[in-house]
Amino acid sequence: MKNSSRILTGGAMMLFFLTLCLSVQSLLGGSALAASDGLLRLYPEKSPELSGSLIPGEGENQSIPVTADGNISDWLSPKEEQEIQPPSQEGGQDREYAVSGKVNVLIYHTHTNEAYRQTPEDSYEPSGTDRTKDHEKSVVRVGEELKTCLESYGYTVIHDTTDHEPPKLTTAYDRSLATIEQYKEKYPEIQIFIDVHRDSLGLENMENDVVEVDGKCCAKVMFVVGQGKKYDDKPDFDTNNALAENITSKLNGYAKGLCKAPRIRTGRYNQQVGKYCMLIEVGHDANTLQDALNSIPYVAKAMNETIQISR
């Protein structure tokens, strides 16, 4: 009997010791064993303290308020926040796009008063550095030229000339978004949204930064594609980026260097509003208005070759 008691006592001690070792192993990283049998649960699979997004401003638990898609620093400091462009989707430049024959396009301007280097032919009253409220001398004139060229291909285009800059330039995207939403409510068939800008590089001695096409000096153009990293309602980045790359490729087929590689940014720039969203920079502050206007027929041609109107 004594021997049996010793055996039972020894067995109990061994079982206790084994259980203690397993517990220590689990605490020190033996999670594989704990997960394999589903019996030993030392802590929840997902710690409540780590729930939600770890990126400020993203996910359900936003830690910072987001009031605008971008601000003027995006254009004055092009090197900041710029990311390496991700590789194109396979076959991205071979995609076919189609839009209805109704109201297809909305052209608008978030930074409405952006203007170009003054010349005797195109002088204006400044409202700031390389800015003017004279729509005939600002990017609004460039947007009107794009409207005319697209209409020649059969697109139905609305060109909004609302000045979205006042009262504060850094919140202009809020106001241009409100404009877009009003048009979407009235014309829900709009599928293409084009925000026309002029790049602000602050360049000096760059008056001849142009590409000659058919004997004309053309300003270089560039598409900006937003990822919307801080937003729950994100743009369709893959579609927008493939569209920008496709048009870029066609433009450079007309003349090498006419279009810079798309600039990928972390902002959103209202590109969540529809299927085909474009932010296009037509020239920069050292170009003339005529340089920018000379580029537009080629931009419209490339868009027409990329996005077909379904009848």
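This is a predicted model: local features need pLDDT of at least 70, side-chain atom pairs count only at pLDDT 80 or more; totals for chains, interfaces and linings use all residues.
A word on the ground rules. Residues are numbered from 1 along each chain as its sequence is written, and side-chain values use heavy atoms, with hydrogens and water left out.

Let's start with charges. How many salt bridges does a search of the whole structure find? There are 7, where a salt bridge is a side-chain nitrogen of Lys or Arg within 4 Å of a carboxyl oxygen of Asp or Glu. I'll take you through some of them.

One of them joins the side chains of Asp 122 and Lys 137, at 3.1 Å from N to O. This pair links distant parts of the chain, 15 residues apart: Asp 122 is in the loop between β2 (105–108) and β3 (126–128), and Lys 137 is in the loop between β4 (131–132) and α4 (139–152). For the element names, helices (H or I, at least four residues) and strands (E, at least two) are DSSP runs, numbered from the N terminus. Are these two partners buried or exposed? Asp 122 is buried at 14% relative accessibility, and Lys 137 is buried too, at 18%. The cut-offs here are under 20% relative accessible area for buried, over 50% for exposed, and partly exposed in between, with a 1.4 Å probe and protein chains only.

Next, helix α4 itself. Arg 141 and Glu 145 both lie in this helix, 4 residues apart, or about one turn. Their side chains form a salt bridge with an N to O distance of 3.3 Å. Arg 141 is partly exposed, at 23%.

The next salt bridge is between Asp 209 and Lys 220, at 2.9 Å, N to O. Again the pair links distant parts of the chain, 11 residues apart, with Asp 209 in the loop between β6 (192–199) and β7 (210–213) and Lys 220 in the loop between β8 (216–219) and β9 (221–226). Asp 209 counts as buried at 14%, while Lys 220 counts as partly exposed at 24%.

Now the cysteines. As a reminder, a disulfide is a covalent bond between the sulfur atoms of two cysteines. For the search, a disulfide is a pair of cysteine sulfur atoms within 2.5 Å, and by this rule the count is 0. Cys 217 is in no disulfide, and the nearest cysteine sulfur, that of Cys 218, is 7.5 Å away. Cys 217 is partly exposed at 39% relative accessibility, whereas Cys 218 is buried at 0%.

On to the backbone. Most residues other than glycine have a negative phi, and most peptide bonds are trans. So where does this model have a cis peptide bond? It joins Pro 166 and Pro 167, with omega about 5 degrees. Pro 167 is in the loop between β5 (157–159) and α5 (172–186).

Tyr 269 has a phi of about 55 degrees although it is not a glycine, and it is buried at 2% relative accessibility. Asn 270 lies in the loop between β10 and β11, and its phi is also positive, near 65 degrees. Asn 270 is buried, with a relative accessible area of 1%.

Last, the rings. The structure has 2 aromatic pairs, meaning rings of Phe, Tyr and Trp (its six-membered ring) whose centres lie within 6.5 Å, with planes under 30 degrees apart called stacked, over 60 edge-to-face, and the rest tilted. In one of them, the ring centres of Tyr 254 and Tyr 298 are 6.3 Å apart and the planes stand at 45 degrees, so the pair is tilted. Tyr 254 is in helix α6 (residues 237–254) and Tyr 298 in helix α7 (residues 289–306), 44 residues apart. Tyr 254 is partly exposed at 23%, and Tyr 298 is buried at 13%.

Tyr 254 also has a charge over its ring: Lys 301 lies over its face, at 4.7 Å from the ring centre. The rule is that NZ of Lys or CZ of Arg is within 6 Å of the ring centre and within 35 degrees of the ring normal. Arg 268 lies over the face of Tyr 231 in this way, at 3.9 Å from the ring centre.
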